[in-house]
Amino acid sequence: MNQDQLKQAVARAAIDYIAPKLEKDSILGIGTGSTANFFIDMLGELKDDFAAAVASSDASAERLKGLGIEVLDLNEVSELVAYVDGADESNAQLALIKGGGAALTREKIVRAVAREFVCIADESKWVKVLGEFPLPVEVIPMARSYVARELVKLGGDPVYREGVMTDNGNVILDVHNLSITDPKDLELRINQITGVVANGLFAHKGADVLLLGRSDGVETIKPK
Ligand SMILES: O=C(CO)[C@H](O)[C@H](O)COP(=O)(O)O
């Protein structure tokens, strides 16, 4: 199976996982990226079984609306039955790196409101130690150089993602060459740098379940 087929398989597994949890008034949180897109496209099948969705990006919101799924502003919602999204890396504790698609801040906010985070990923995202994928950090534009210098002090090599502006009007620094042995600690340290809006470590609130697509099937993984 190629990577896209694995992504489709985990999207299908997420539909099967979510379907029994949906009630007529349920609101679902939906993430961003190519794996999330496969999920969104299949979610059309269930659109009469839940009330509405909240999306972590404008792109996902448009895709959902295109299928006739109502999209709500998060401020209108007090709880999401689940949040379904992809990841750039996951370790065995289901601490994640996210933000390859620059949507990390909204993803963190939507995830915070969700009862359960169902992560969907192909096996290329499964790692022993997080950090081979450069860690995205969303930064207020005027703080970019200052934050970059502070990230160097933490041992990383930040690279400005040129030409990219987030849905919140900010910029992204991708931090290379980190070996993240304590994701919870690093998540807090980076958040403490003035000018950082959010970083792509989902360690304090990681995934509750990972549906991991392998060539021999989808594995359901709970945090170690
Ligand atoms: O965090 C994300 C977007 O900000 C995505 O979930 C992550 O980049 C994975 O993307 P894909 O499913 O396309 O591999």
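This report describes the domains, the nonpolar core, the ligand shell and several individual residues of a predicted model.

The protein is divided into domain 1, made of residues 3-127 + 204-221, and domain 2, residues 135-199, and the C-alpha centres of the two domains lie 24 Å apart. Contact between them involves 13 residues of domain 1 and 13 residues of domain 2. On the side of domain 1 that touches domain 2, helix α4 gives the most, with 4 residues, and the residues of that side divide into 5 nonpolar, 5 polar and 3 charged.

The largest nonpolar core has 67 residues, and those with the most contacts inside it are Val10, Ala14, Val84, Cys119, Ile120 and Val137. Helix α1 gives the most to this core, with 7 residues, while at least three residues are drawn from each of domain 1 and domain 2. In soluble globular proteins, nonpolar side chains tend to be buried together.

Helix α1 covers residues 3-18, and because its 16 residues at 1.5 Å a residue should span 22 Å, the separation of 22 Å between its end C-alpha atoms agrees with expectation. Its buried residues are Leu6, Lys7, Ala9, Val10, Ala11, Ala13, Ala14 and Ile18, and what covers them includes α2, β3 (82-85), β6 (117-122), β12 (209-214) and β13 (217-221). Within this helix, Val10 is one of the buried residues, and, not counting residues up to four places away in sequence, Val10 touches Thr35, Ile120, Ala121, Asp122, Leu211, Gly213 and Val218.

Around the ligand there are 17 residues, of which Gly33, Thr35, Gly86, Gly100 and Gly101 come nearest. The elements that give two or more residues to this shell are α2 (34-43) and α4 (104-113). By residue class, the shell divides into 4 nonpolar, 9 polar and 4 charged residues.

Glutamate 107 lies in α4 and touches Gly31, Thr32, Ser56, Asp85 and Lys98, when residues up to four places away in sequence are not counted. The C-alpha atoms of glutamate 107 and leucine 64, which are 43 residues apart along the chain, are separated by 16 Å. Lysine 108 is also found in helix α4, and, leaving aside its neighbours within four places in sequence, lysine 108 is in contact with Ala198 and Phe202. Although lysine 108 and phenylalanine 202 are 94 residues apart along the chain, their C-alpha atoms are separated by 7.6 Å.

| Residue | Burial | Other C-beta atoms within 10 Å |
|---|---|---|
| Glutamate 107 | buried | 30 C-beta atoms |
| Lysine 108 | buried | 21 C-beta atoms |
| Alanine 102 | buried | 23 C-beta atoms |

Most residues other than glycine have a negative phi. Alanine 102, found in the loop between β5 (96-97) and α4, has a phi near 70°, a positive value in a residue other than glycine. Asparagine 177, found in the loop between β9 (171-176) and α6 (183-191), has a positive phi of about 60° although it is not a glycine.

Definitions and conventions
Residues numbered from 1 in each chain as written. Predicted model: local features only at pLDDT ≥ 70, side-chain atom pairs only at ≥ 80, totals over all residues. Near = placed C-beta within 6 Å. Nonpolar A, V, L, I, M, F, W, Y, C, P; charged D, E, K, R; others polar. Expected span 1.5 Å × (residues − 1). Buried ≥ 20, exposed ≤ 12 C-beta atoms within 10 Å, placed from the backbone. Contact = placed C-beta atoms within 7 Å. Core = buried A, V, L, I, M, F, W, Y, C linked by C-beta atoms within 7 Å. Domains from an automatic or database assignment.
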